[in-house]
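The following exercises ask the reader to examine a structure step by step. Please study the sequence and the model before reading each solution.

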Amino acid sequence: MSVYLRQWKALCAHLKKRTGSQELAEDALQETWLRLAGMKGDAAAIHDYHAFILRVAGNIAIDLVRKERRHSVHCVSDEALLAAVADNAPSPEVCIIDRDQLRLLALALARLPAKPRAALLLSRCDGLSHREIGARLKVSESMVAKYLGQALRHCRDHYRHQV
């Protein structure tokens, strides 16, 4: 054990080069210490303590690197995790702009005559066809088309004058 303690810094530097990580090198050294401490009776057969400790520490370091690689294959990176939970909600600026545009549209719709407004809302909000809108408003399909054109032009012009 005294050989281990005297060579600790050199072993740490060697293992750091071998593993590429200070953390893994220190883990390997700690595991080496535990393994050496558990070999009380077997120490007499060792001829070169320095080489033996180097071999034990190197083998442990290899095992730790392999374990780390297996673990990292199954782990999700921080970047991937952040991308997976990215907030797709609009930013506060976009919300304010959208709210302002909605306010302008509501003002434009409020200033439209009743039938063109109803035709536009039935078409865009309810998804009704010209025939279905005509039946509800009791007008022809061509009149529905005129109402829609009138409503769209009115909203466009209202928006242009506000911006």
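**Exercise 1: The overall fold**

Of the 163 residues in the protein chain, 26% are buried. The model is a predicted one.

Task: Determine how many helices and strands the protein chain has.

Solution. 
Step 1. Counting the secondary structure of the protein chain gives nine helices and zero strands.
Step 2. Read from the N terminus, the order of elements is α-α-α-α-α-α-α-α-α.
Step 3. Among contacts with a separation of 6 or more, 60% are between residues 24 or more positions apart.

**Exercise 2: The nonpolar cores**

Task: Identify which elements give two or more residues to the largest nonpolar core.

Solution. 
Step 1. The largest nonpolar core consists of 16 residues, and Tyr4, Leu11, Leu15, Ala28, Leu29, Leu36 and Ile53 have the most contacts inside it.
Step 2. Two or more residues come from each of α1 (2–6), α2 (8–19), α3 (22–37) and α4 (49–74).
Step 3. The greatest contribution to this core is that of α4, with five residues.
Step 4. Another core, of 15 residues, lies apart from this one and includes Leu122, Ile133, Val139 and Ala151.

Technical notes:
Residues numbered from 1 in each chain as written. Predicted model: local features only at pLDDT ≥ 70, side-chain atom pairs only at ≥ 80, totals over all residues. Heavy atoms only, no water. Core = buried A, V, L, I, M, F, W, Y, C linked by side-chain atoms within 4.5 Å. Buried < 20%, exposed > 50% of the residue type's maximum accessible area, 1.4 Å probe, protein only. Helix = DSSP H or I, 4+ residues; strand = E, 2+ residues; numbered from the N terminus. Contact = heavy atoms within 4.5 Å.
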